[in-house]
Amino acid sequence: MQKALVFLLLCLFLFPACALGETVAKIAETPYETLDDAIEAVQNGSQTAPIEILADCSTSWTYGQRFVKNMTIEGNQHTIHFTAGFCIKPDTQTTFKNAAVIMDSIAYGKSDWSDPNPGKNKIVVTVNPNAVFTVQNCKFDITNSKESVDGIYMHAGAYVNFVSSEVNISNNGLNGITQDSGNSYLNIKDSTVSINNNRWNGITGPAFMNVTVSNSKLDIQGNRVRGMHCGKMFVTDGSSVTASGNKSDGLNLDELIIEGKSVVTASGNGATGIRDMGVFKIDGTSTLIATGNATSGRGAGLRLLSSRDITAFAAKGAVISINNNLRNGLENYRPHTVFEEGVRLEIMGNNEKNNGGGVYNDGGLSLPADARIYNNHAGKSGDDIYCTENASITFGSVGKNWYLDGSENLYRKDAVRCKDQIDGWYVDHFPSSSSSHWNAHGEPPYAELHSSTTVTGLLALKAAHAIPTPTPTPTPTPTPTPTPTPTPTATPAPTATPAPTATPAPSFSPAPTATALPSASPLPSASPAPIDLPKTGDESPLFFWAVMMVCSLLGIVLYQKHHTFEG
């Protein structure tokens with residue numbers, strides 16, 4: 001008997017896990033073998049401290065559950081997997097910290113906190129009125145939910161906070177995040193949030209959804225209706241918001257404020273890139289980009305609408321690029337839209353089916369003097385700027401280094417294409433008048449220069465150039481008629497000039513007689529200089545006679561010396 005008791009104690013001591021089971025969570029010092037048990041302990045009021053996760057774990061729910069008490073789940077870097085959704089009771093708070101919270105392939109959730117039955121409501125997380133749902137320092141995924149399932153549903157007064165987290169709400173059967181009427185608040189701080197490829201909208205609801213993005217990155221891409229539909233968005237503190245590739249509008253908002261070196265980009269959306277109905281402000285440090293939108297053939301790059309007198313404003317230093325959209329670049333329907341001097345505004349490469357490829361203005365619009373607005377196209381009037389009869393606009397002169405790029409007008413195949421330098425604003429077909437489209441190279445050419453940059457009323461302009469001055473065709477040089485060779489007149493034979501009479505040679509005085517040397521024979525007298533006699537046929541050269549004279553003189557001298565030596 002004693003041996004058997006000792007053996008039993010040893011087994012309990014050596015193999016406690018077999019006897020006690022695995023602990024995955026605890027509340028204060030109370031351990032729980034399942035996450036379900038720990039959550040239930042909070043729900044029935046027996047525990048109020050945070051649930052501390054001790055190991056990777058999962059719920060075993062089939063249908064959604066109700067969170068009716070304040071609850072914090074401290075994950076301790078473990079993974080928590082939910083097999084069904086949950087709802088949060090009004091005026092309560094549910095918080096996840098330091099965990100990987102995975103809610104994938106959810107078929108059912110629960111939206112009505114007061115319903116005692118599990119139900120089959122198709123919402124993953126429901127945040128009821130005035131309830132708060134916070135995800136802090138977590139990886140949080142709601143992905144691949146079944147058909148007709150929303151990711152997060154917010155009622156009036158609800159708050160959803162993503163703080164220092166990586167959030168992915170994608171590939172769900174309905175919307176990523178949605179709400180009913182009344183103000184609700186989505187706060188994204190120090191986080192990266194992706195709301196992509198949902199069957200309907202990324203973020204949707206009436207104009208009461210308030211989204212704040214601070215020092216964060218928010219991507220709303222590839223949703224099969226809109227990226228964000230209605231609501232207000234405040235982007236600040238170096239944040240980046242990208243709405244791209246959504247089937248309809250990228251951002252359809254009641255209010256957009258961008259500040260603090262933040263960037264908002266809407267690109268490649270099926271309809272309008274950014275559509276704003278109310279407050280629209282960009283500070284001087286921030287950037288807005290609307291490019292390649294209206295891929296379905298409807299919409300614009302940036303559309304400013306309002307039934308109220310609300311000023312749209314971009315401050316000096318802001319960078320705004322509205323390029324290559326497949327309908328209007330900028331549409332303005334407000335009485336006061338101001339892009340302050342110093343805003344770096346570029347509107348280029350847009351193609352509109354009707355009027356105003358670059359700018360369509362049906363309100364009051366002030367553009368910076370150095371705005372770059374050219375190489376846009378319209379199917380009817382005003383390739384670059386179009387204003388209706390009731391509109392007004394202020395803009396600047398064309399730039400010094402603007403050139404047409406020769407690109408195709410998608411809606412007017414006969415439009416001229418050239419790459420010449422732009423030198424001014426030209427009338428581009430007022431639809432209510434007889435004016436033509438600008439065509440400086442046509443037959444006949446048309447290029448009517450427009451000089452005013454402050455206009456009220458109908459206006460249709462293109463940044464283009466004057467009719468080129470034709471290069472004159474040089475007049476050909478005529479072939480000269482050959483001049484006939486004149487018959488020469490015989491020159492009479494010249495009269496012979498008589499030979500001049502020879503001038504007689506001058507007479508020379510005879511040389512003086514030489515004084516005889518003593519005891520010497522007197523020298524013969526020098527012969528007189530020869531007279532230049534006429535030729536007689538004796539042609540002996542003068543040189544011969546000179547040699548003969550010198551020899552005679554030498555002979556006389558030698559003779560005298562000989563007789564002197566002998567005497």
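**Close-up 1. A nonpolar surface patch.** L326, L410 and Y411 make a nonpolar surface patch of about 220 Å². To get into a patch, a residue needs over 30% relative accessible area and no salt bridge; nonpolar side chains (Val, Leu, Ile, Met, Phe, Trp, Tyr) are joined within 5 Å, and like charges within 9 Å. The areas are Shrake-Rupley values with a 1.4 Å probe, and for residues only the protein chains shown count as cover. L326 sits in the loop between β32 (319-323) and β33 (328-332); helices here are DSSP runs of H or I with at least four residues, strands are runs of E with at least two, and both are numbered from the N terminus. L326 counts as partly exposed because its relative accessibility is 31%, where buried means under 20%, exposed over 50%, and partly exposed in between.

This is a predicted model, so local features need pLDDT of at least 70 and side-chain atom pairs count only at pLDDT 80 or more, while totals for chains, interfaces and linings use all residues. Residues are numbered from 1 along each chain as its sequence is written, and side-chain values use heavy atoms, leaving out hydrogens and water.

Close-up 2. E33 is found in the loop between β2 (30-32) and α3 (35-43), and it is partly exposed because its relative accessibility comes to 46%.

Close-up 3. D276 and R334 meet in one of them at 2.6 Å, N to O. D276 is in strand β28 (residues 274-282) and R334 in the loop between β33 and β34 (337-339), so this pair ties together parts 58 residues apart in sequence. Since E331 belongs to strand β33 and R303 to strand β30 (residues 300-304), the pair links parts that are 28 residues apart in sequence. E331 and R303 are buried too.

**Close-up 4. Aromatic pairs.** Rings of Phe, Tyr and Trp (its six-membered ring) pair up if their centres lie within 6.5 Å; planes under 30 degrees apart are stacked, over 60 edge-to-face, and the rest tilted. That rule gives 16 aromatic pairs. F82 and F86 form a tilted one, with 5.6 Å centre to centre and 55° between the planes. Y360 and Y386 are stacked, at 5.6 Å centre to centre and 15° between the planes, and both are buried. One aromatic cluster takes in W61, F67, F82, F86, F96, F133, F140 and F162.

Close-up 5. E443 and P444 are joined by a cis peptide bond, with omega about 0°. P444 is in the loop between β43 (424-427) and β44 (449-450), and H429 lies in the loop between β43 and β44 as well. H429 has phi near 70°, a positive value in a residue other than glycine.

Conventions
Buried means under 20% relative accessible area, exposed over 50%, partly exposed in between (1.4 Å probe, protein chains only). A salt bridge is a side-chain nitrogen of Lys or Arg within 4 Å of a carboxyl oxygen of Asp or Glu.
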